[in-house]
Amino acid sequence: MAITLSLRYATPDWLIYLAIQDGVISSPPVAADGLVTLPNDGGVTPDLQTDILRAKTDPPGAAGGVSGLPLQDLIRARLDGHGPLGPGALTQAEARALFLSDNTGGILSDQVTRARTWITPRSSEGSVQWAADANVDGDGDPVIEVRSSVGVAADAFLYIHLRHTFDL
Amino acid sequence: MGVQPISFTLVDATPYRLIYSVVSGTGPTVLPNAGGGTPDLRTDAESATPGSGRNPMLEVVSTAVVNQVEARKLLLGEQPVPGATTPASARILRARARITNRSENISGSLGNWDVDADEGAAAGSPGSAGFPVFLVDVAPGSDGIVAYLDIFVMHTYDR
């Protein structure tokens with residue numbers, strides 16, 4: 001896989017990952033040369049369900065359970081429901097509304113908390129473009145897809161930020 | 001085959017934030033501020049609080065500007081130059097913007113985007129004369145790429 005993600009910072013309202021594109025193109029090229037999915041399965045990091053629990057600070061690093069971490073509510077939308085959604089499998093449009101604040105179709109009312117996700121290059125001097133999207137996995141859990149142009153080594157920061165918070 | 005400009009579609013609006021879905025085309029393209037139909041900065045900002053005056057984003061985009069320097073200070077958060085004449089003193093609300101690719105086009109390309117600001121008429125939008133507008137451009141040969149233009153008022157909690 002040409003893009004790897006590693007958790008760099010976790011708070012109840014932020015997840016920040018370093019994305020590294022190794023610049024290697026497979027022979028023949030495959031989609032994974034420029035695409036990686038940040039999963040939401042509760043598996044080993046990087047994983048949305050696992051990594052948000054790192055934000056719990058009392059005591060530091062302990063499992064946070066299923067309450068008290070606002071961004072966790074969005075991550076667990078299929079399992080617990082969120083606002084008008086679920087519990088139950090989400091669609092990509094719903095994942096985009098939750099994680100990209102793309103409320104096309106008015107899926108979420110004004111009172112439903114949501115996040116913004118974006119990616120900013122750290123190196124490569126502009127020759128590599130990055131993209132961040134939201135989608136769903138086979139279970140209907142929201143996941144984040146990171147894409148980049150291929151063939152040049154580069155890195156970037158992926159930010160997932162719960163809006164309307166003091167945690168700036 | 002016609003030349004398609006960059007297109008904007010409002011996907012979220014709050015008193016502090018405007019988010020547009022942007023599809024690449026031939027640019028640069030102006031996001032106007034004329035009070036016309038959406039997409040329009042003034043119209044879209046007002047849509048977050050119809051009939052109410054308590055709207056910081058509307059305050060920012062409704063601030064008059066005379067040139068690109070002033071527009072960049074209001075919409076891109078540039079700090080005032082010491083000694084320069086500007087409506088954007090340290091205490092005037094201003095916004096910032098960022099653009100992020102969402103998905104590639106059918107050729108597998110991602111956009112290399114630019115976001116700038118200018119005075120409306122100078123940017124080619126006569127209806128926006130005297131007000132700040134955004135100018136969005138993308139590298140040639142990258143039609144059909146989707147990105148998000150995220151505009152937010154600085155120094156607010158709605159982030």
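**Note on a pocket and on chain A**

1. In this predicted model, strand β1 (residues 7–14) of chain B gives the largest share of the lining of the second largest pocket, 5 residues. A pocket is an open set of points, on a 1 Å grid over the protein atoms alone, where a 1.4 Å probe fits, with protein on both sides within 12 Å along at least five of seven lines; lining residues have an atom within 4 Å of a point. Strands (E, at least two residues) and helices (H or I, at least four) are DSSP runs, numbered from the N terminus.

2. The second largest pocket holds about 270 Å³ of space, a volume being the space filled by probe spheres set on the points. It is lined by 14 residues, and the closest to its centre are Asp110(A), Asp12(B), Ala13(B), Thr14(B) and Pro15(B).

3. Chain A comprises 4 helices and 7 strands, in the order β-β-β-α-α-α-α-β-β-β-β along the sequence. Of its 168 residues, 50% are buried, that is, under 20% relative accessible area (1.4 Å probe, protein chains only).

4. Helix α4 (residues 92–100) of chain A is mostly covered, with 7 of its 9 residues buried. Among them are Glu94(A), Arg96(A) and Phe99(A). Ser101(A), which follows α4(A), has a positive phi, near 60°.

5. Residues are numbered from 1 along each chain as its sequence is written, and chains are lettered from A in the order in which they are written. Local features need pLDDT of at least 70, whereas totals for chains and linings use all residues.

Key. Predicted model: local features only at pLDDT ≥ 70, side-chain atom pairs only at ≥ 80, totals over all residues. Heavy atoms only, no water.
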